[in-house]
Amino acid sequence: MDWQIIGDILRITALAGLGVAGILAILIWKRNLTTRVTYIRLVIQAVSFAALFYVFTYTFPLLYALIIIFAITIVLGRLYCGWLCPFGFVMDLVVMLRKALKIRYKMLPEKLNKMLHQLRYVILLFFLFIPIALWLIQPPPDFNFAVLMVQLLAGPFRPYSVLIDPMIPLVVPWTTGALAVFKINFTYPYVQEFITYVGQNLGQIIAIAFVGLTVAGSFFVRRFWCRFCPTGASLAVVNRFRGFKWAPVLHIEKDEEKCTKCGVCKRVCQVQVTDVYEQKGGKINTSMCMLCLRCTEMCPYEDTLKVKFGNKTLFKSRNWLEPSTSE
């Protein structure tokens, strides 16, 4: 009998049971329709954080995990960013601290916010370009495309690691011996990349500044780093191309005739996406939406916004201004 496999099954079952129990408790406890989804999302984020912590007890190529997430993005859009990302969960915890201290968040000017969303592509290209530039400066005597790709993907810089870092929980375990004794390693997204790219001394200074900036920024601005996270430069952008209007399958749909342009969807969006407000009726096509569903949860008009998987409605806006007769 393989006790490790049995232990793995029990851990996974416990995590799944914890998530389901938390969701059921919220549905029973929360009578306020404007916060139910938000609390459910926090439970799923916590379970996801624990699950990823457990996943990291195994040694496997993180590039595979990245490929899987990007493939899922074609179908589910940026659901990972809104519901599963460990770094996003940490930022949401910082927001909860701000709320507990009764400090209001800051809204960025729309033009600046859109510039930050575009900046994520610049950051991504920057990390991808540096290893190529260094390779061009000192190319090997015999050009070999296969060797070049191996150096780019598995060399000292590993440019794809900038996409993986937000996936890694801040508390990372590793195992030793047959009994899988846990040891704890604290990490923070992009810190190791700064040290690798610019050196130990300057890298540490930049890393400390980055940690301070992102924590302070997340305190005053909701989902601060998500606005220009290079991982957020996801495959959801394929819906901009002809022939890929179906992607992602999970999306928000708007009934223009029922929309009163109250602007609630703009104000409550964690990353200040304006597409839900600005676009006409039908499927909302945007690569910036993280599908946190806050807009649908807060929209006070019945059936104006719907979260759909293909043609099936999963969740829709409700008139929470009037008491529900079903409760």
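Predicted model: local features only at pLDDT ≥ 70, side-chain atom pairs only at ≥ 80, totals over all residues.
Visitor: Which residues of H5 are buried?
Guide: Pro86, Phe87, Gly88, Phe89, Val90, Met91, Asp92, Val94, Val95 and Arg98. Buried means under 20% relative accessible area, exposed over 50%, partly exposed in between (1.4 Å probe, protein chains only). Helices are DSSP runs (H or I, at least four residues), numbered from the N terminus.

Visitor: What covers them?
Guide: The cover includes H2, helix H4 (79–83) and H10. Contact here means heavy atoms within 4.5 Å.

Visitor: Take H10. At what angle does H5 cross it?
Guide: Roughly 55 degrees, and the axes of H5 (residues 86–100) and H10 (residues 200–220) come within 8 Å. Axes are lines fitted to C-alpha atoms, for helices over the stretch in contact, with angles from 0 to 180 degrees between N-to-C directions. H5 and H10 are therefore oblique to each other. Under 35 degrees is roughly parallel, over 145 roughly antiparallel, 65 to 115 roughly perpendicular, and the rest oblique.

Visitor: Which residues make the contact?
Guide: From H5, Phe87, Met91, Val94, Val95, Leu97 and Arg98; from H10, Thr214, Val215, Ser218 and Phe219.

Visitor: Now H2 and H5. Where do their axes stand?
Guide: The axes come within 9 Å and cross at roughly 135 degrees. That makes H2 oblique to H5.

Visitor: Which residues meet there?
Guide: Arg41, Leu42, Gln45, Ala46, Phe49 and Leu52 in H2 meet Pro86, Gly88, Phe89, Val90, Asp92 and Met96 in H5.

Visitor: What about the span of H5?
Guide: Its 15 residues should span 21 Å at 1.5 Å a residue, and the end C-alpha atoms are 21 Å apart, so the two agree. The expected span is 1.5 Å times one less than the number of residues.

Visitor: What comes just after H5?
Guide: Lys102, with a positive phi of about 60 degrees.

Visitor: Switching to Thr38. Buried or exposed?
Guide: Thr38 counts as buried, because its relative accessibility is 18%. Thr38 lies in H2 (residues 36–55). Thr38 touches Arg294 and Glu297, not counting residues up to four places away in sequence.

How values were computed:
Residues numbered from 1 in each chain as written. Heavy atoms only, no water. Helix = DSSP H or I, 4+ residues; strand = E, 2+ residues; numbered from the N terminus.
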